Amino acid sequence: MTLVIDRKPKSRSNPREDGEGSVQVHLDPNASIGTAKVFSVYGKGGIGKSTTSSNLSVAFSKLGKRVLQIGCDPKHDSTFTLTKSLVPTVIDILEQVDFHSEELRPEDFVFQGYNGVMCVEAGGPPAGTGCGGYVVGQTVKLLKEHHLLEDTDVVIFDVLGDVVCGGFASPLQHADRALIVTANDFDSIFAMNRIVAAINAKAKNYGVRVGGVIANRSKDTDQIDRFAEATGLKRLAHLPDVDAIRLSRLKKSTLFEMPPSPEVEHVQNEYMRLAAQLWAGAEPCDARSMKDRDIFDFLGFD
């Protein structure tokens, strides 16, 4: 993977060129993931992407699928409810061997979580340095070198916040579908709009498409649904703001490990339904982002 800086308009004849006049991280064509279904999860910071990713991973595993979750955040906290710990990151492990990946074993950087979900934390460069896209690329390369993707049915990238720069958009270059987690509020939907624009930019040259919206931590979905109707999105699931979700994080557990209750069972069933729908191959959305000023005027009015 290389960082390419180019301020000139690019020809559309090259299928691996991204954007026009932009700074982009380009995908090594030899680093494709393979036959697994690949999902990238995006959304506003703090909206519950890691909770969503981890519980969706468990739901896929309960459907009998072999699942790999890749956390793409320097905080490396994507998978702790699955593994019950903050596992070492790929970058940390590579630094220990002076980036000689041939010295590593799979058990050095892949950890088994709840119900057999395999967990990797890519980590990230120190604050203010490096590129998140490089980290993602090195992680996928390492997984391929150790043949860890060949026996995987589902890969879920849990991506840092709503950052849509070339680096943190790089999981989109591997994904089949991008899923957006949002709440029924202005800031979450505003961030979702910008994420849609980033996904569409990558979709011009890669296979990724907008898969749909997951409403999270919201009693209602009226603003989400109104925005979705206006932009060609579709809501795939609704996960209400129930206290069991908050408690599951404190207990370092997935929702599938929480004591039974009607609200827990409801959320579990919603995750299982979503996993089954995604595995069956939900049609992509023909989504269109709004201009910032347009969405500012659009949101919040009856």
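How many aromatic pairs does the count come to? In this predicted model, where local features need pLDDT of at least 70, side-chain atom pairs count only at pLDDT 80 or more, and totals for chains, interfaces and linings use all residues. Residues are numbered from 1 along each chain as its sequence is written, and side-chain values use heavy atoms, with hydrogens and water left out.

The count is three aromatic pairs. Rings of Phe, Tyr and Trp (its six-membered ring) pair if their centres lie within 6.5 Å; planes under 30 degrees apart are stacked, over 60 edge-to-face, and the rest tilted. One of the pairs is Phe186 with Phe190. This pair is stacked, at 5.5 Å centre to centre and 20 degrees between the planes. Both residues belong to helix α5 (residues 186–203). They are four residues apart, so about one helical turn separates them. Helices are DSSP runs (H or I, at least four residues), numbered from the N terminus.

Phe186 is partly exposed, at 34% relative accessibility. Phe190 is partly exposed too, at 22%. Here buried means under 20% relative accessible area, exposed over 50%, and partly exposed in between (1.4 Å probe, protein chains only).

Phe186 also pairs with Phe296. The centres are 5.9 Å apart and the planes at 85 degrees, so this pair is edge-to-face. It links distant parts of the chain: Phe296 is in helix α9 (residues 292–298), 110 residues from Phe186. Phe296 is exposed, at 53% relative accessibility. Phe186, Phe190 and Phe296 form one aromatic cluster.

Charges also sit over rings (NZ of Lys or CZ of Arg within 6 Å of the ring centre and within 35 degrees of the ring normal). Lys37 lies over the face of Trp279, 5.1 Å from the ring centre. The charged end of Arg226 sits over the ring of Phe298, at 4.0 Å from its centre.

Note on methods: Helix = DSSP H or I, 4+ residues; strand = E, 2+ residues; numbered from the N terminus.
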